[in-house]
Amino acid sequence: MLIRAVLHRIATGLVTLVVVSVLIFLGTSVLPGDVASIILGQMATPESLAALRSTLGLDQPAYVRYFLWLGDLLSGDLGVSKAGAGAGTGGTSISEMIAPRLINTVQLAGAVALIAVPLSLGLGLAAATYPGTRLDRSITLSTLGLVSVPEFLVATALVLVIAVYLGWLPATAYVSGTETGMALLKTLALPTLTLVIVASSQIIRMTRASVLNVMSSPYIEMAVLKGLPRRRIVLHHALPNAVGPIVNVIALNLAYLISGVVIVETIFAYPGLAKLMVDAVQTRDLPLVQACAMIFCSAYILLVFIADLASILSNPRLRYPQ
Amino acid sequence: MHGDETTGKDIRALQQKFRDSGISRRDFLAALSALGISAVGARSHLASASALALSPRKGGTAIYANNLHGPDDQLDPIVFTSGIDYTRGRACYNNLTQILDHLTLHPELAEEWSANRDGTEYTFKIRKGVEFHDGSPLTADDVVWSMNRHLGADSPSVIKAYFTSVTEWRKVDKHTVRAKLSTPDRDLPVKLGEKQAKIVKKDTTDFRKGIGTGPYILESFEPGVRSLHTRNPNYWRDGPNFDSLVLTAITDPIARVNALIAGDVHLIASVNSRSVRLIESTEGVHVNSTPSGRYGGICCLKNTPPGESDHFVKGMQYIQDRERIVRSILKGHGQVGNDHPISPAYGADHCTELSQRQYDPDKAKWHLKQAGISSAELFVAPVAAGIVETCLLMQANLKKIGFDLSIRQVPTDGYWGAVWMKEPMNVVSWNMRPTANSMLAIQFAPGAAWNDTYWNNPRFGELLQMQLAETDPARRYEMLCEMQRLVHEGSGMVIPCHINILDGVSDRIHGIPVVPLGAMGAYEWVEFAWMSE
Amino acid sequence: MSTPVNNPTGESGQTGAISEEQPRRSLKFSGAGKTGIVVILFWITMVFIGPWVAPFHEAEFLDEALFIEPGLDDPYPATDFLPPGDVAYLGTDYLGRDTLSRLLYGARTTIGVSLLSTLLAYLIGITLGIAAAAGGRVLDSSLSRLNDAVLSMPTIMLGMVVISAYGSTLPVLIALTSLIYASSVFRIARAFGLDIMVSDFVDAARVRGEGLGWIIRREVLPGMILPMASDFGLRFVYIILFLSGLSFLGLGVQPPQSDWGSMVRENLAGLPYGAIAPLIPALAIASLTVAINLVVDDISAHHGGKLAEKII
Amino acid sequence: MPALLEIDNLVIEAAGGGASPAPVINGVSLQLDAGEVLALIGESGSGKTTLALSTLGYAKPGLEFRAGEVRLNGDDILAMPADEKRRLRGQRVSYLAQSAAAAFNPALRIGAQVTEASVLHGQLSQTEADRRATDLYRALGLPDPDHLGRRYPHQVSGGQLQRLMAAMALCGKPDLLVLDEPTTALDVTTQIEVLKAFKDVIRQEGAAALYVTHDLSIVAQIADRIVVLYAGEVEEYGTVDDILNRPQHRYTRQLIGAVRPPPDSTLRPESLEETRQDVPALEVKDLTAGYGRKHASGHTVKVLRDVHVAVGQGRSLGVIGESGCGKSTLARVISGLLPAMQGDVLLKGQPLKPSLRQRERRQLQKIQFVFQMADNALNPHQRVDQLLGRPLEFYFGLSGEEKRQRITELLHMVELPAEFSERYPEELSGGQKQRVNLARALAASPEILLCDEVISALDTIIGASIIQLLKRLREQTDVSFVFISHDLSAIASFADDIAVLYAGLVVEQGPANRVLAPPYHPYTRLLIASVPELSQGWLERTLEMRETQASIDRAVEITDRGCPFYRRCPLAIAGTCNQEAPPLRNLGHGHSITCHRSEAEL
């Protein structure tokens, strides 16, 4: 029963991945102007365009390129970025381009998760334990307020205060790329802080909501009538039954941290994957766009799968069938 | 007078002297004027001289943040298109010639050059004892190979239009090369100073190693992230000054300024004019505001409505509140434009006799009435500083005279392919070119690839050719002047203003030459700037 | 047999350890909820009358003459990033336009676009969601997979690609946004749909011989309206933020039209000068968000917060 | 010395007043001595649960204490600070909820939940608590007491959970035990032994108990004294003997009257049996049905096997069996909701297509389904007139005035005032909902009415009235009924023919008076024996019979080999009953039994 459930999740995940790959390929093919015209930009002439195009091998039909690409993908080869190439040269291996960016991205996402998840779980549970109190109301309202402030405003404001006026931390992350240890932490501090603010509020709200939702079930009332203290009821009786939605929202936020943080990466000049993809779209570097997109989607699917797994495992009915 | 064989050489000699065993600045200037160099020229030499006079300090790591970069960052000079490419190119490679302060021409890898009478053949003496970063010596073969890459219809070179008159580059001997031209081009030596005309090693296939003769050796290069460079110990001339360079970009304008103020970086390109006040009011950083010829303009295609009506174009030109644009949009960091590209920054080439076109709603209204047009659509992308705002102001002012201009903003990426030279009204940004002629030729020569208003004036075409062939400075100037008038009167270009180059610089950085062709003294800072304690 | 408010029916044995209270039909709003409603109503009215109450046109560059100080004779005083004054009540923006006016005009674009997108998203999401819930295994799984695929794509990226392809006109923006958010609506709609499809009253309808169409229209949809309504609020807010995110990448609403997100973005340069131009629109967004969610909280509280496990 | 529990004119009202005019509890006073069992009886809405909960100082959300005192050993619970109340609960007073299935936390192990309170209150160490729990399991006759604690709630049967909750309540050795309808949700066969377990353990623990129920016959078995509660006020208060045999108040008598007589063949007129036609209104032939993929053999779960039943025109067939025996499935197959795997459903002799889609509207109209839980069967978003109106439009195209007329008629038929057509389901009481539910079925003027547990969710009086209604309908119209229930007495009081279903198999069927008279199928006998009687000591008497002795709650197993009842059957023949499928013995008069034992043995 448990195995069945897990296998089923895996299967759906894989199917989704295939669908994703098709969508991505179709999506990227709607982009106007190709990498050649972007490289040459204003200076483009019909001749030089044609010349660059053929050197870049942009003159094959789409479906051919799709299957070639898919094949490479399955064999773990992300292909070659065209734009890096310049005239007549081979271009950069995308895996090479992505590897350092991916590390950066994971680094940042990890840092954020490390702080945001426990923090928001704590606050969410606190709010759920004493609903309607001043504590609860202030938590809910402030999360609401924060969730409604555009990311770039949060980031810029933080930089102005902490980096520019107070000069405590650098305004940008990773300009020299040689930081380690303490310096690294310092450079990561501001982007992390920004994202913690952004990511937490949703987790907090969801934690609160789903715990409160469970709190209305009979066995909680029973626990009350057994004379258990409130904190124990929430943590020991309600939380285990609210795991599903909570891990799910956490997973979604992690996915966002990996793929959705363009703005923060831009403002802090943080060389992450999201920014790479934005650049790739702007430079019509389709192989690069596709590679990034695949990574993002896979990450999302993986995270959601893990979340599903967690909620399956948290359910004894599935763990111990009759 | 650019590229005159004698001056080129002597100035070099003088400068070398000056650097090696400093003769006094007065002597230096005297010597220059003796050579009959224009006032502008002299002042510029003084400028760079003053920088040099502060006895450059060697050492330090300079961090430069450009406004743009991406996975398409290049190290292949002939497809350089962005400031970050130019800067890296300046660190890795050299040109044959070098354009320094206020557009004066100097020898670089070419020690000297000479042209035949009718200017259809140029001979360049290549400097001896110059080494590539990998230790191999620079020879004529490298030069010929590098320059030939710009020739031919299928060359991907982005500046091959400069060299359409060049039929071939030939090796004369180990250190002499010759260029054969179909038609005379007095500007050729200047064009060789262009950012894309770098000398690379013969038969280079992978340019990502950045092997050149330049002042810095490429340590690492991540497109769209950063590149690290260290001083080239056996550079062929004195300098460079920094131990190492970090060349990167911060794309968000505000973040870029914050980085400078917070001391994360020492130099930032293209400061938003609204941030100048902030930087200037901050300890330890300042802004270099360099008047330039570059501009953001509005193209009205002459081969299709509404632009084909001269009245319409006039209307668009008279509705430009140029003073206010410079005042409130550029915050004073620009010059009013006169609907032709040759700004005062072109020095002697700028035509002083043209009358300035003023903001005149009534005239505009009248012209538009004559044209019988009451609405139009303008495609806008943030391709140049303040261009979008300029269009918004234009729209607001047109509204006042009952003309409905609808603005369609489109993303910058793909703009050049999809909108520019296609939509009847669009915006364009042009960088300054080393000579007025090359600027005018690129944009207005009949049938030119980038004649972005499709303005076709035979007389103008003839003038371009004659001017290149002409040797008498006075005649050259007259012709330039006439060309500028023709554009001012007839073309479909609306050029409300010319934009200053705004570089944000830490006070610790000195000796940035003043060259209006691009950011940070047209990227020459890489070799000449230095860092104080 | 009257049914008192608290009805500890020994009957409802199956439904709870301790018999549960009957839900009240009338939806009561807390104080917070009421304030929320007031704020929302205010902005809604602004959507309609904004342009008329606005002192200037959103695109108008205020005349420098308006700001000449009697004392010092500067004919061309700076007009940008001015603090609130008696000409521009909320100060001016980076181009010297009236912030208040732009805010009021902006209400129309911001709320209009977001509202339209949200509605569309619901139309699409609910339709497909119910189709999946009622249309049998094959349809369900294929729709769900497709939906997962869309969901898995980073929204901003999706936005970039589409806008690069089709430009950032309002129709494109609305279509794009509604498609992106339809996918999350789909999930919820499907979840509710599945719940309702297995309920006895649907069986009753089927035994009667009702067609699927009727069952969906009359038995399923009514049960989804309230819970979906409270999700509507959240979705609406996310869309406002999404649009502002796009504007950061320069893909947002067209100038000179003002939407709040872009207003924050375009005036960021004023932040270091302590200009309030970027803060005003941010506050506007926040006010709307908080207001909507206060109302939403009341609704879903009334609904027993059953949304939690569905809205993710 | 004061009584263990004293309640002094307690008043409980809806919070904020306004909402409800009448208080939920209105000046109730009662007292309860140590070791005594006090039954709190009343219909739904009488406030009995609310009153019971007040002894834990707890008022459900939306309610609040207005006046009066609740004293436990003299100290006022209501006056206690929250913390003290908390320490009181689960320690001095503990609560036994109606549905253990809902009251046990699905995510936690049983043992943990049972011992939790007493450990937390610091009464016992974890090990002591575990030991005590094990003892209680044993005392409550639960299987495998040593390892039971390690299991999760979903891993044990409903009856066991109910007893486990008793263990949970008793673990802390409380002075007062509050039992809230603890057996209502159980099958009769399970009920008796749970009841017995409770009774014994209460005696043995010497705890006082407050036993909330609506079922007098249960009270008769377990209580010392009775409080009859009506609309939040004490109607009558006395010893069991007084109340049962000398009831004073109208309502009490009504309650006693509503108690269905134990099933007894002699009560029924012989005549009915003869009047059966040759073509039954509805016939089900060798029906096999189940869930899972149809043709994939093995994977399917067969819920019904070779079922053959028939209903004569204007007669009523009662289908009885414990939960999970497949009686609801039978109804779903007949209605077409669940297509059968094999076998036919014949309407007036002509076979119906298995699945809904293929059936004609005319056929659908003739068979109407009345669902078990009116709450779920009525769409909460439709008004009564919409609910009743739809079938009228759908089948007969009625509209406007005509429709309104008919709706009024229907409401009248189910004894509801016409103005109810304006109401929403949640504005109706359980009984009223059930009547609307019935009216909707009648709106189709059907020939067959499938009633699935229509009264099991209602309490005695209401249930009785619904049955009265059904009887009247049967006399007025000549609709044929399939009446499905787990309550034998209900069936006995209504059905002409009875089919006894066990684990998907019809073990006995025939005319009611035959089925309810010997010879019995062992299972039928067990069922009959398990129906509680309104007389003290009945519980003990029944439990001495070996039938019930033998059949102590065991999991019902659905098997293809042998007789499914084998494991519970007192007359089981080892080697035969568990190997060969039992033969069908026809005893004449349409009475048949499926058993290996001969008629005589039975």
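What follows is a chat about the terms used for this model and the values behind them.

Tutor: Ground rules, then. This is a predicted model, where local features need pLDDT of at least 70, side-chain atom pairs count only at pLDDT 80 or more, and totals for chains, interfaces and linings use all residues. Residues are numbered from 1 along each chain as its sequence is written, while chains are lettered from A and ligands numbered from 1 in the order in which they are written.

Student: Why is α4(C) called largely enclosed?

Tutor: A residue is buried if 20 or more other C-beta atoms lie within 10 Å of its own, exposed if 12 or fewer, and partly exposed in between, with C-beta atoms placed from the backbone. Nine of the twelve residues in α4(C) are buried, so the rest of the structure largely encloses this helix. Among them are C:I156, C:M160 and C:I163. Over chain C, 61% of the 312 residues count as buried.

Student: In chain C, what share of the contacts with a separation of 6 or more comes from residues 24 or more positions apart?

Tutor: A contact means two C-beta atoms, placed from the backbone, within 7 Å. Residues 24 or more positions apart supply 68% of those contacts in chain C.

Student: Where in chain C does pLDDT stay under 50?

Tutor: pLDDT is the predictor's confidence in each residue, from 0 to 100. It stays under 50 over residues 1-25 of chain C, where the model has 81 contacts beyond four places in sequence, and over residues 304-312 of chain C, with 30 such contacts. Chain C has a mean of 79, and 86% of its residues reach 70 or more. Among its elements, α7 (residues 212-248) of chain C is lowest at a mean of 81, and α2 (residues 99-134) of chain C is highest at 90. The model scores ipTM 0.78 and pTM 0.80.

Student: What makes β6 and β10 of chain D edge strands?

Tutor: Two strands pair if DSSP finds at least two bridges between them. Six strands of chain D form an open sheet, ordered β6-β7-β8-β3-β9-β10, with mixed pairing. β6 (93-96) and β10 (233-239) of chain D each pair on one side only, and they are its edge strands.

Student: How do you know that β7(D) and β8(D) pair, and in which sense?

Tutor: β7 (residues 176-180) and β8 (residues 208-213) of chain D share five bridges in the parallel sense, so they pass the cut-off of at least two. D:L179 stands opposite D:Y211 in β8(D).

Conventions
Helices (H or I, at least four residues) and strands (E, at least two) are DSSP runs, numbered from the N terminus.
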